[in-house]
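Keep the viewer open while you read.

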Amino acid sequence: MSDEIEIDTDDLERRMEGAIASLRTEFASLRTGRASASMLEPVMVEAYGQRTPINQVGTVNVPEPRMVTVNVWDKSLVNKVEKAIRESGLGINPQLNGTIIMLPIPELNEERRKELGKVASQYAEHARVAIRNVRRDGMDQIKKAKGDGMSEDDQKFWENAVQELTDKYIGVVDESLETKQSEIMQV
């Protein structure tokens, strides 16, 4: 009889942490009306025969609260970087000044703020689903362990542990969403 069957909650927690990290990255790319270098992270540029992150073809700076600049290192890539920003869906109109691309961040209108709030909610829901999938994997491990001789008391203990972990991380997602939505709605 094996009373020492344990479920690897550290692995489950690490995977849930990954879902939160992914959510934070997605939230950082959402424009809130303030300039931020991280808003350009998802933008990929066709450079040197492959898709390259924008921060690997130039320096991204935030000289003022409503301006982001990209100083492109290779003159031949300036137009490609401008095109990538224009087509990224950020709603920013790049302005060229030699090898420097200036991105004035326009004031968000009410309709755009609500739209961004919905996008933030979708990102949060994706993170919740990812966390629930990790929970399901944990519960599957417990069922398998029960088949391998885990006692019912141990089964209940591990199910509660996995559920507590899930509740904790769902709470983090909800809290992050609330913070991001209030940031978006701020005028």
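Predicted model: local features only at pLDDT ≥ 70, side-chain atom pairs only at ≥ 80, totals over all residues.

Start with the partners of Arg15. Its side chain meets that of Asp11 in a salt bridge, at 3.8 Å from N to O. Both residues sit in helix H1, four residues apart, so about one helical turn separates them. Asp11 is partly exposed, with a relative accessible area of 21%.

Arg15 also forms a salt bridge with Asp137, at 2.4 Å from N to O. Asp137 counts as partly exposed, at 24% relative accessibility. These contacts belong to a network of salt bridges that links Asp11, Arg14, Arg15, Arg136 and Asp137.

Helix H1 has another charged link. The side chains of Glu13 and Lys168 meet in a salt bridge at 3.2 Å, N to O. Glu13 lies in H1 and Lys168 in helix H4, so the pair ties together parts that are 155 residues apart in sequence. Glu13 is partly exposed at 27% relative accessibility. Lys168 is partly exposed too, at 44%. The whole structure holds twelve salt bridges.

Now follow H4. Its 34 residues should span 50 Å at 1.5 Å a residue; the end C-alpha atoms are 49 Å apart, which agrees. Several H4 residues are buried, among them Trp158, Val162, Leu165, Tyr169, Ile170 and Val173. What covers the buried residues of H4 includes H1 and H3.

That leads to the interior. In soluble globular proteins, nonpolar side chains tend to be buried together. Here the largest nonpolar core has 27 residues, and Ile7, Phe27, Ile131, Ile142 and Val173 touch the most other members. Helices H1 (9-29), H3 (110-147) and H4 (152-185) each give two or more residues to this core. The largest share, nine residues, comes from H3.

Take Ile142 as a close-up. Leaving aside residues up to four places away in sequence, Ile142 touches Ile7, Met150, Gln155, Trp158, Glu159 and Val162. A second, separate core has 22 residues, including Ala35, Val57, Val81 and Ile101.

Technical notes: Residues numbered from 1 in each chain as written. Heavy atoms only, no water. Core = buried A, V, L, I, M, F, W, Y, C linked by side-chain atoms within 4.5 Å. Buried < 20%, exposed > 50% of the residue type's maximum accessible area, 1.4 Å probe, protein only. Contact = heavy atoms within 4.5 Å. Expected span 1.5 Å × (residues − 1). Salt bridge = Lys/Arg side-chain N within 4 Å of Asp/Glu carboxyl O.
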